[in-house]
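Hi there,

Here is the structure I promised to pass on.

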Amino acid sequence: VNAGVGGKVLQVVSDFSYDNWSTNSTSLVAVTGASVSITPSATTSKILIMAHMTGFYMVGGHGSSGDDGASGSIFRNSTNIYGKNRFAYNRDTSAGSQELAIPLVLTFLDSPSSTSALTYAIYMKAYSGSTLDSNGYDRTITCIEIGA
């Protein structure tokens, strides 16, 4: 815990969506309706990013040896700044298909050292043939600029 972090809230930006989104990509792809642009006031500002999906389905199954999973990340522009590992995992131990609905919560305090416009977004990817489907669950990403 960094007790020296403090300051005033300078601006808040947020995006919200509940449109359906789906992917079976094994590479990280942008989640539609889950990105915001913010221009920091000073290079010393910090940006608190809070990204949430109230749920998404992870659908898949590959017989007795399949494992399914998902990764979620926060990107700043084209750089993955937080969340590089699998956070959801489901092993199918039967010959049938598995379906699992879970939430996604990512929170990160960024120090971008920039006064240029920055875009923060949720990205996700699937593993082992899974399909990720938001199925109408809502998602939001909120960025808060905190002055030093």
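Below is what turned up, beginning with the chain as a whole and then moving to single residues.

First, some housekeeping. This is a predicted model, so local features need pLDDT of at least 70 and side-chain atom pairs count only at pLDDT 80 or more, while totals for chains, interfaces and linings use all residues. Residues are numbered from 1 along each chain as its sequence is written, and side-chain values use heavy atoms, with hydrogens and water left out.

**The overall fold**

The protein chain has eleven strands and zero helices (both are DSSP runs numbered from the N terminus: helices are H or I with at least four residues, strands are E with at least two). Of its 148 residues, 40% count as buried (buried is under 20% relative accessible area, exposed is over 50%, and partly exposed is in between, with a 1.4 Å probe and protein chains only). Among contacts with a separation of 6 or more, 81% are between residues 24 or more positions apart; contact here means heavy atoms within 4.5 Å.

**The core**

The largest nonpolar core has 25 residues (such a core is a set of buried Ala, Val, Leu, Ile, Met, Phe, Trp, Tyr and Cys residues joined through side-chain atoms within 4.5 Å). Strands 3, 4, 5, 8, 9 and 11 each supply at least two of its residues, and strand 4 gives the most, with six. Ile122 is one of the residues with the most contacts inside this core. Leaving aside neighbours within four places in sequence, Ile122 is in contact with residues including Val29, Ala51, Leu104 and Ile141.

**A salt bridge and some ring pairs**

A search of the whole structure finds one salt bridge, meaning a side-chain nitrogen of Lys or Arg within 4 Å of a carboxyl oxygen of Asp or Glu. The side chains of Arg76 and Asp110 form it, at 2.7 Å from N to O. Arg76 is in strand 5 and Asp110 in strand 8, so the bridge ties together parts that are 34 residues apart in sequence. Asp110 is buried, at a relative accessible area of 5%.

There are also three aromatic pairs (rings of Phe, Tyr and Trp, the last by its six-membered ring, pair if their centres lie within 6.5 Å; planes under 30 degrees apart are stacked, over 60 edge-to-face, and the rest tilted). Phe75 and Tyr123 are stacked, 3.8 Å centre to centre with 15 degrees between the planes. That pair links strand 5 to strand 9, 48 residues apart, and both Phe75 and Tyr123 are buried. Tyr82 and Phe108 are stacked too, at 5.3 Å and 25 degrees. Tyr82 is partly exposed at 33%, and Phe108 is partly exposed at 22%.

**Two residues to look up**

Ser22 lies in strand 2 and is partly exposed, at 44% relative accessible area. Beyond its neighbours within four places in sequence, Ser22 touches Thr131, Leu132 and Asp133. A polar atom of the Ser22 side chain lies 3.2 Å from the backbone oxygen of Leu132.

Lys8 sits in the segment before strand 1 and is exposed, with 66% relative accessibility. Its C-alpha atom is 8.3 Å from that of Glu145, although Lys8 and Glu145 are 137 residues apart along the chain. Not counting residues up to four places away in sequence, Lys8 touches Glu145, Ile146 and Gly147.

Key: Polar contact = N/O pair within 3.5 Å; in protein donor to acceptor, adjacent residues only side chain to side chain.
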